[in-house]
Amino acid sequence: MAGIYIHIPFCKSKCIYCDFCSITKLALSNDFLVALNHEFAFRKNEFQNETIETIYFGGGTPSLLKTSEIQSILEGINKNYAVAKNPEITIEVNPDDISFDYLKQLLKTGINRLSIGIQSFDDAILRFLGRRHNSNQAEQTIVNAIKAGFKNISTDIIFGIPGLTMAEITKCLDLFIKYKVQHISAYHLTYENGTKLYKLLDSEKIKLIDEDFSLEQFTTIENHLKSNDYVHYEISNYSLQGYESKHNTNYWNGIPYLGFGPSAHSYNNNIRSWNTNNLNTYISKICEGKLPSRKEKLTKKMQYNEFIMTSLRTCRGVDPEKLKEIFGIKHYNDFVVAIDKYIKSNHIAINNKNYILTSQGMFLSDGIISDLFKV
Ligand code: SF4
């Protein structure tokens, strides 16, 4: 079992918080698609014994592609890899560039899961973030997606934004609930170095919101969604029963995946590799018949840290028997000692013998997980 990730590195404009690999020079789109097709063929021997169960179009803005281009990418994958009969195929779409007809065509390509980049239903917040859509377009996209026949829809919300009120958060969640979207991702705003948002913070034009208010928002989202039948199955992800993202769940379970396109990462048998994040370099190297990537073999310590991080992020938590079996008694003993203070402080609980983050623990997960890492 394995997954494929395709990175589409184009956006119409750049949102102020975004540090993903994306450029606004859409003229490179054709050259990119040719290079992507070559990359499928170059790397076809990497996963000869694996069946591809999930395909994920991320970005950037994959919905800037024509549906015929998406179709030919899927044909390229099918030509070079063994794809399962009913794979989960997800595409990230932005409300400002898709119509009802586009969604109907998308469904015909085999895409069966939509991830709609909504972030908020507050127009002032959307403008502040530099998003190109407004709240009406966001709601209309959900309506259109359902009408077009999508049965697996994911939406997202960003919280922790300066000026965002609890009332707006609840309004956003209530709209998701009203349309019974199957999956909701909830992310705290992050200030990545090099972004416009970071510069605003650095020049004191905006302020970080109070940590207690952040926690209140996180807890409100969790309680509101849980009381409406959503399962909090990963720190930033909620779903109705049976609608967890298979692609991301496989990643958290250590299932191999291949990433194509600039900046895409791959993982297989403890080898991790990543493509250049420069689109021009990506295209020119591939045209020369070279792979624009670097790779590293994960050491035992890196594998342990990866295991702790991916396990603790999910609701299944760390299975101590599995930890002992893979990494040995010493790592197990070290883990049990290190985790004790978090159990006493109620940041970690034991559930069916596994160690899981509590709600308070999830909110502070970055610090807790890195504290448990081997250095
Ligand atoms: S649409 Fe997504 S990828 Fe593009 S700039 Fe905005 S956040 Fe970044």
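**Walking through the model**

Trainee: Let's start with α12 and α13. How do their axes cross?
Mentor: The axes of helix α12 (residues 320–327) and helix α13 (residues 329–344) come within 7 Å and cross at roughly 140°. Axes are lines fitted to C-alpha atoms, for helices over the stretch in contact, and angles run from 0 to 180 degrees between N-to-C directions. Helices (H or I, at least four residues) and strands (E, at least two) are DSSP runs, numbered from the N terminus. α12 and α13 are therefore oblique to each other. Angles under 35 degrees count as roughly parallel, over 145 as roughly antiparallel, 65 to 115 as roughly perpendicular and the rest as oblique.

Trainee: Which residues make the contact?
Mentor: From α12, Pro320, Leu323, Lys324 and Phe327; from α13, Ile329, His331, Tyr332 and Phe335. Contact means heavy atoms within 4.5 Å. They divide into 6 nonpolar, 1 polar and 1 charged. Ala, Val, Leu, Ile, Met, Phe, Trp, Tyr, Cys and Pro count as nonpolar, Asp, Glu, Lys and Arg as charged, and the others, Gly among them, as polar.

Trainee: Before I go on, what kind of model is it?
Mentor: It is predicted: local features need pLDDT of at least 70, side-chain atom pairs count only at pLDDT 80 or more, and totals for chains, interfaces and linings use all residues. Residues are numbered from 1 along each chain as its sequence is written, and side-chain values use heavy atoms, with hydrogens and water left out.

Trainee: New topic. Is glutamate 234 buried or exposed?
Mentor: Buried, at 1% relative accessibility. Buried means under 20% relative accessible area, exposed over 50%, partly exposed in between (1.4 Å probe, protein chains only). Glutamate 234 lies in strand β7 (residues 231–234).

Trainee: What does the side chain of glutamate 234 pair with?
Mentor: The side chain of asparagine 237, in a polar contact of 2.8 Å. A polar contact is a pair of N or O atoms within 3.5 Å; within protein, one must be able to donate a hydrogen and the other to accept it, and residues adjacent in sequence count only if both atoms are side-chain atoms.

Trainee: Where is asparagine 352?
Mentor: In the loop between β13 (348–351) and β14 (354–357). Asparagine 352 has a positive phi of about 50° although it is not a glycine. Most residues other than glycine have a negative phi. Asparagine 352 counts as exposed, at 70% relative accessibility.
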